[in-house]
Amino acid sequence: MHQAAEAPPPRGIAQVLAAGVGRVVVSIFVPVVAFIVLWAGFLFLKDSGAPKIVIVVVAIVWGIGGVAMLYVVANWLVEKLPPVWSGRILPFVFVGPAIAILAFYLLVPAILTGWASLFDANGKEFVGLDNYVYSFTNPDMITAIRNNVLWLVFGTLFSTGLGLAIAVLVERSRLDRLAKTLIFLPMAISFVGASVIWRFVYSYQPEGQPQIGLLNAVLAAFGLGPVSWLTGEPLNTILLIVILIWGQVGFAMVIIGAALKGVPDEMLEAGRIDGATEWQVFRRLIVPSIWPTIVTVATTIAILTLKIYDIVTAMTGGNFNTQVIATLMWKQAFTFFDAGRGAALAIILLIAVTPVIWYNLRQFRGRAI
Amino acid sequence: MRGKLSVLVGVAALVVAACGGGATATPAGGGGGDLSGTTVTVAGAFVDVEADRFAEAMKAFEDATGVTVKYSGDKSFEQQLNVQVEAGNPPDVALLPQPGGMKKYAADGKLFPLPEDIIASIDANYGPGWKEVGTADDGKTYGVFHRVNLKGLVFYPKAVWDAKGYTAPTTWDELKTLMDKMAADGTPPWCIGIESGAATGWAFTDWVEEAMLRTVGAEGYDKWVAGETPFTDASVKNAFQLVTDVWTNPQYVYGGVNYIVQTNFGEAPKAAFDDPPKCILTNQGNFITSFFPEAVQADLDNQVGVFNLPEVDAAIGTPAEVGGDQAVAFADRPEVWAFLKYLTTPEAGVTWQKAGGALFPYKTQDVSLYSSELDKAFAQSIVDASFVRFDGSDAMPAAVGSGTFWSEPIKLLTGSQDLDATLANIAASWPK
């Protein structure tokens, strides 16, 4: 490995050639063997009629071992190069596969989706931006965009805000653990499961019948008539957002709570000694200290609200003007078989999420510096 | 005589099935007659009890051939299926409720057309029309009908009916008189619910289709379904009006529109069997009896009466609207064809006939095998029918038939738009 650095002893030209050719042959031979082994594994997994358990074991060994082998072989190859070049190429050996996989699974599909969005329902005729024009003129879509904005604003604001408030308040309580556990519990329930629960909260029966829905039962206890919660807009969308908040406050609370533990007590005490009120301590010391965490939580929830699908589908099926972009995308693509419009909606969703992700990444970078 | 014939056909089918699935172009399977140990995966929309009944009906085939029929049901199966087809791993056989879905997959080249011997079996066992519904735009037949529905049936609880001395109406005017009488007696006449997950709204389309069949006749209906008569046409508006006049009148429907749109179609009829009943009439397909309370199902013939949704126009009479899942093949293997051939024989329906809750289209079926008098009556009217039409929304383009025709009327019912806007929106969504 260090030959290049040392002054080589004088040798005959034939010897130099032989050594060089030998090295090249080995350099080619090793990757070829590695490739053949990987390819054989791939063929086995593709066509084998072996029992499932054997296939699973082979797949795991092949997958993990294969990746390790690729790294080792690539590393070995690069280190054979002159040090200047190996230093330049080595980072790509390690990052390259990740970038390649990312490109194959994310970038290429995204580009293909963008391309598909310029074609008609069957993907045959080029229609330019027609699908986007449809997306921003169709009344159902405009309602969906309005609803997504409601989800984004209220869902993010209340999940993060309540999470922060609870985290700060509960920290001073003796029931810290219990309260956190209870609030965190809904996180363990999928949104579809949560929707099943909340259907019982919002359930509606005609007046004069026993109300099995919690809200209407409360109204009935006060002698009031039942309200059809899920059919009146835009209240129904707000009521669906409540389900998201119920599920996400725990997440926000736990992450923010962990950040709170990292705020040095000395700083807070110093502030109090200097005469700051509790509100000032919170506003001027605590919040700035944990701001990056708050941003991370808020952006995570914001992305979730933009692509929200399951709560709406499970609760109302997107009826009663509760539809969001994702439910319409699903309908266009998989119920109406309109590949073009479905793709256009997917791209709109992607573009809507991008600024949030960008802001989040900028925060990451800021923290690193 | 009919019974004997059906058994013979059934046995013949089993023999053919056991011999290796008939004439297919599969060289690998040719010659080898033994299908035992093979598996046919089937996907459909029915779950729970209906899935169990389907499994029972397949047992005779499995026992005779050794083929395992693996059924998986999902209420949102049509969407699932599309994902699976796109991903390249569809089930071997799908039970498609919508002829439009079959045509789309056939046009995309995803389906295999039925071999000659299965088509011969369809000709032998089905009445006119069924093969045509299973045929795609390329003229090849892809679909086999097994379980079918008869729609436009009005069910009522016999106890209340008899106690109040109501009589079945034969005209729409008589129906109105009956509804007014029931409302005056203190019970809203109709039990209606249209919630159905991602498919919410289809129950409304059935009513409109029945109204169309009764107001414009067969020819007008076909034109409407084909898109030649737009939704904005006066005849369509008239049919919608006929339906919404009933649905939006709080005197006529239990619970009002907010209850209709949030109540599952299978839950709604149960209110008719409460004591005292909250409503009396349910207009649905024959399958709805399997959603009745268990005590009622156990004693169906004594507790439930039925009449056809009456005629509007005497010149048109009372036509029959049918529907049904068609089995199509996404795989070209001998066991798949053996399975589809089995479905074309009356034998494939026998256990379900006896269990109840399903009708079969075979003209060669033994009607006396049905467990209830109700089912016998339904089946006889399918066998005898001359003027039969398929579910119109199922035959329309998906963007309408399972899109706006489902979702736009919900907005009409909840009052967020009027009838003209509703019809205009549906018409605008028809693919050009």
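Reader: Hi! Which residue stands opposite B:V144 in β8(B)?

Author: Hello! That is B:A327. This is a predicted model, where local features need pLDDT of at least 70, side-chain atom pairs count only at pLDDT 80 or more, and totals for chains, interfaces and linings use all residues. Residues are numbered from 1 along each chain as its sequence is written, while chains are lettered from A and ligands numbered from 1 in the order in which they are written.

Reader: Thanks! In which sense do β4(B) and β8(B) pair?

Author: Antiparallel, over six bridges, with β8 covering residues 320-329 of chain B. Strands (E, at least two residues) and helices (H or I, at least four) are DSSP runs numbered from the N terminus, and two strands pair if DSSP finds at least two bridges between them.

Reader: Is β4(B) mostly covered or uncovered?

Author: Mostly covered: eight of the eight residues in β4(B), residues 144-151, are buried. Buried means 20 or more other C-beta atoms, placed from the backbone, within 10 Å of a residue's own; 12 or fewer is exposed, and in between is partly exposed.

Reader: New topic: where is the kink in α2(B) centred?

Author: On B:M58, with a kink of about 35 degrees. The bend is the angle between axes fitted to the seven residues ending there and the seven starting there. B:M58 is also one of the buried residues of α2(B).

Reader: And what comes just after α2(B)?

Author: B:G66, which takes a positive phi of about 80 degrees.
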